Amino acid sequence: MTSPATDSRRVAAPGTRRGWSTRSITRAVESLRGSMRRTSSIFTWVTLPAWMCVLLGIGAWIAGAVLGWLELVVLGAALVATFVVCGFFAIGRHPYAITLRLRDGRVVAGERAMGGIEVRNTSSGPVMPARLELPVGPNLARFALPALRAGGEHDELFAIPTERRAVLVVGPVRSVRGDPFGLIKRSVQWTQPEELYVHPRTVPLGPASAGALHDLDGHASREITSSDLQFHALREYVPGDDRRYVHWRSSARVGTLMVRQFEESRRTHLVTALSVHGHDYADADEFELAVSVVGSLGLHTIRSESELTSMTQLGTLSHTSARDLLDTLTRLDTVRSPGRLSDLARLVTREVAGATVAVLVCGSAVGPDQIRAAGAVLPVGVRALAVQCRTGAEVSAHRLGAVTALELGRLEDLPRGFRRLQR
């Protein structure tokens, strides 16, 4: 005879097993859903050559059976068998935890960007070899992933060559299983894309080259003020004037208080105006040189704590910091819309108030008459400079109307060219 407690345990046991089974199935379904969210659709596993292989095989098989050609039947069967065998290569788990690391999110053109991929086997058993794919801009890098034991890890280091200015999208990292012929490929995405900024090259100007851009004492204007550096005249004292500016010797001579007046000085406000019209440049290298010139002038102005405005025909560029300026310049590209350099100068006149120096940057396709016309549009009192980029040219400076023009062939010649502008 059994006790009630024994009966209750016997009744509860099946229910416990059913609850355990339900939880196991639920966890398995959720795991499958998570895997399916990362993996590609089953229809994308089969590549175009694979579809052609199986369709050609089926067609040859049917044609051989109808026509009685044993050779076609064998060929068709071989093609279909190849497709089936290749499908087995895509079967397998992707029990990975993958992390993409870029050492620096910003590099200068010509430097190598370093990064790494960390892979860890998260399953309780070993996993077969696979391969990794990493899109880098328009290119695709492939890495062999060896077999990993339970909890095993693998690090893959890589270097990205950065010959030209660009914003490269790196990633996402995908683990791939497939056949050696590339007919069937099953991939799982593990990371999000990351942006790599390849900044334009820049050169420091140095104090000897920067005199053409700013003056530590500022530039005198026609505005009269009661306190500044540039003395203008004397006038009679008015209640409320600062007595520090009373000129006592003159006051004793005329018998009434006299105070000094000054011409208001304006701190240096540099405007760099870059033409982005493609027809202003003979080739892409000239435009890259022009972007580097604007970057070099902008960095010098920001570091010297002077006021800066950078512009193109498309509007004002963001430059809240040196990095922000270089990020903005990295995204620049030429446009095909028609226009002249004088239109860019008019935009500077209309949008920028209080500029002291304006530097127009363009390519070799801009004629001297266009540079003269652009200088005539700039406001009176603004020092007008132009940097004309011509690949391979010797650095030289000459006068074109109201504009002092600098012809530049290499970025390294920029400091020497600005020293010439001061002569």
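Helix 6 has 20 residues, which at 1.5 Å a residue should span 28 Å, and its end C-alpha atoms lie 29 Å apart, which agrees; the expected span is 1.5 Å times one less than the number of residues. This is a predicted model, in which local features need pLDDT of at least 70 and side-chain atom pairs count only at pLDDT 80 or more, while totals for chains, interfaces and linings use all residues. Residues are numbered from 1 along each chain as its sequence is written, and side-chain values use heavy atoms, with hydrogens and water left out.

**The sheet**
- Seven strands form an open sheet with mixed pairing, in the order 16-15-14-17-18-20-19, where strands are DSSP runs of E with at least two residues, helices are runs of H or I with at least four, both numbered from the N terminus, and two strands pair if DSSP finds at least two bridges between them.
- Strand 16 (315-316) and strand 19 (396-400) are the edge strands, each pairing on one side only.
- Strand 15 (residues 307-312) pairs with strand 16 in the antiparallel sense over two bridges, and Met311 stands opposite Thr316 in strand 16.

**Helix 6 and its surroundings**
- Helix 6 (residues 284-303) packs on the sheet, touching strand 14 (269-274), strand 15, strand 17 (357-363), strand 18 (383-389) and strand 20 (403-408), with contact meaning heavy atoms within 4.5 Å.
- At the start of helix 6, a side-chain oxygen of Asp283 comes to within 3.2 Å of the backbone nitrogen of Asp285.
- Glu305, which follows helix 6, has a positive phi near 60°.

Notes: Axes fitted to C-alpha atoms, helices over the stretch in contact; angles between N-to-C directions. Polar contact = N/O pair within 3.5 Å; in protein donor to acceptor, adjacent residues only side chain to side chain.
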